[in-house]
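Subject: Structure handover

Hi,

Here is the structure for your files. Please open it alongside this note.

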Amino acid sequence: MRKQQSSISVSGILIRGSLITLKRKCGKPTCSCVDGEMHATPALSYSVKGKTRILTLRSSDVPSIKRALENYRIAVGELEKRALSGIRLMTLHIIKAKKKG
Ligand SMILES: [Zn+2]
């Protein structure tokens, strides 16, 4: 949780989207999901070209998906910082140029 974060973002797997829980009935007439608890399946909801897609997951995949989602957040944060400092640099450059001219 200190300086290592940015190196994680470079080397780790990145996943974009959000973790959701799908609830469903399995169809067995004798199952408790008929009138009670429905089955919960973890899934990743993500969008590609404006379309939402769902990838169902195994519970055992959830921890690594969470890490990859966090890696993505960190990477986006880093990019955002760099983009803003790029704007700052360009702003200074333009101000200087205006003063000279
Ligand atoms: Zn069921």
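Below is what was found in it.

This is a predicted model; local features need pLDDT of at least 70, side-chain atom pairs count only at pLDDT 80 or more, and totals for chains, interfaces and linings use all residues. Residues are numbered from 1 along each chain as its sequence is written.

Confidence comes next. pLDDT is the predictor's confidence in each residue, from 0 to 100. The chain has a mean of 89, and 88% of its residues reach 70 or more. Residues 3–10 stay under 50. The model has nine contacts for them beyond four places in sequence (a contact means C-beta atoms, placed from the backbone, within 7 Å). Where pLDDT is low, the predicted coordinates should not be read in detail.

Now the sheet. Three strands make an open, antiparallel sheet, ordered β1-β2-β3. Strands are DSSP runs of E, at least two residues, numbered from the N terminus; two of them pair if DSSP finds at least two bridges between them. β1 (18–24) and β3 (51–56) are the edge strands, each pairing on one side only. Neighbouring strands are turned by 40° against each other on average, direction ignored (axes are lines fitted to C-alpha atoms). β1 pairs with β2 (residues 39–48) over seven bridges, in the antiparallel sense. Leu19 stands opposite Leu44 in β2.

Is Thr56 buried or exposed? Thr56 counts as exposed because it has 12 C-beta neighbours inside 10 Å (exposed is 12 or fewer, buried 20 or more, partly exposed in between). Thr56 touches Leu22, Thr41 and Ala43, not counting residues up to four places away in sequence. Thr56 and Ala43 are 13 residues apart in sequence, and their C-alpha atoms are 4.1 Å apart.

Best wishes

Terms used:
Helices (H or I, at least four residues) and strands (E, at least two) are DSSP runs, numbered from the N terminus. Axes are lines fitted to C-alpha atoms, for helices over the stretch in contact, and angles run from 0 to 180 degrees between N-to-C directions. Two residues are in contact if their C-beta atoms, placed from the backbone, lie within 7 Å.
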